[in-house]
Amino acid sequence: MNKLVKTIPKSTLCKEFASSLNGILNLTSKELRLLTMLIGFDVDYVALPGEAKNVVNTQNRKLLKQQLGVTPDNLSRYIGKFKKDGILVQGTMEDELTVNKALIPDVIGDRVQLIIILRLK
């Protein structure tokens with residue numbers, strides 16, 4: 001098995017993790033920044049009991065528009081694309097929308113291990 005190890009600051013984990021996956025996801029730079037922010041929202045999300053976890057709720061959309069400099073229409077297009085591509089997935093509750101668990105870094109101790117399988121045709 002091939003192994004590549006890179007040491008990063010904890011503060012850049014979401015960005016580095018998303019960048020590592022981008023070889024497979026093939027996102028534009030703006031989509032990659034959006035994914036990085038959505039992963040951060042998902043990891044840090046604190047839902048109240050009975051409340052749906054929605055990483056693109058109104059408050060987060062406002063922040064995304066400000067940080068990325070996108071219009072509401074373009075943000076909606078990005079979100080639609082992410083849903084179609086399986087990056088964002090619908091939860092069990094009606095308005096629950098989360099980042100696909102395969103795209104969330106799983107921190108074990110001082111590391112995140114990522115296994116990428118490329119299936120040959």
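Modeller: We begin with contact, which means heavy atoms within 4.5 Å. The model here is predicted. Leaving aside residues up to four places away in sequence, L64 touches L34, M37, L38, F41, G69, V70 and L75.

Biologist: Which residues of the largest nonpolar core touch the most other members?

Modeller: In general, nonpolar side chains of soluble globular proteins tend to be buried together. Here the largest nonpolar core has 27 residues, and those touching the most other members are L34, L35, L38, L64, F82, L88 and V99. Two or more residues come from each of α1, α2 (29-44), α3 (58-68), α4 (72-84) and β2 (97-99). The greatest contribution to this core is that of α2, with seven residues.

Biologist: What do the buried residues of α2 pack against?

Modeller: A general point on helices is that residues three or four places apart point the same way, because an α-helix has 3.6 residues a turn. In α2, the buried residues include L34, L35, L38 and F41, and also the polar E31, T36 and D42. Its buried residues pack against α1, α3, α4, β1 (88-90) and β2. The helix α2 has 16 residues and spans 23 Å from first C-alpha to last, close to the expected 22 Å.

Biologist: Why does N22 count as buried?

Modeller: Buried means under 20% relative accessible area. N22 counts as buried because its relative accessibility is 16%. This residue lies in helix α1 (residues 13-25), and beyond four places in sequence N22 touches L27 and L32.

Definitions and conventions:
Residues are numbered from 1 along each chain as its sequence is written. This is a predicted model: local features need pLDDT of at least 70, side-chain atom pairs count only at pLDDT 80 or more; totals for chains, interfaces and linings use all residues. Side-chain values use heavy atoms; hydrogens and water are left out. Helices (H or I, at least four residues) and strands (E, at least two) are DSSP runs, numbered from the N terminus. Buried means under 20% relative accessible area, exposed over 50%, partly exposed in between (1.4 Å probe, protein chains only). A nonpolar core is a set of buried Ala, Val, Leu, Ile, Met, Phe, Trp, Tyr and Cys residues joined through side-chain atoms within 4.5 Å. The expected span of a helix is 1.5 Å times one less than its number of residues.
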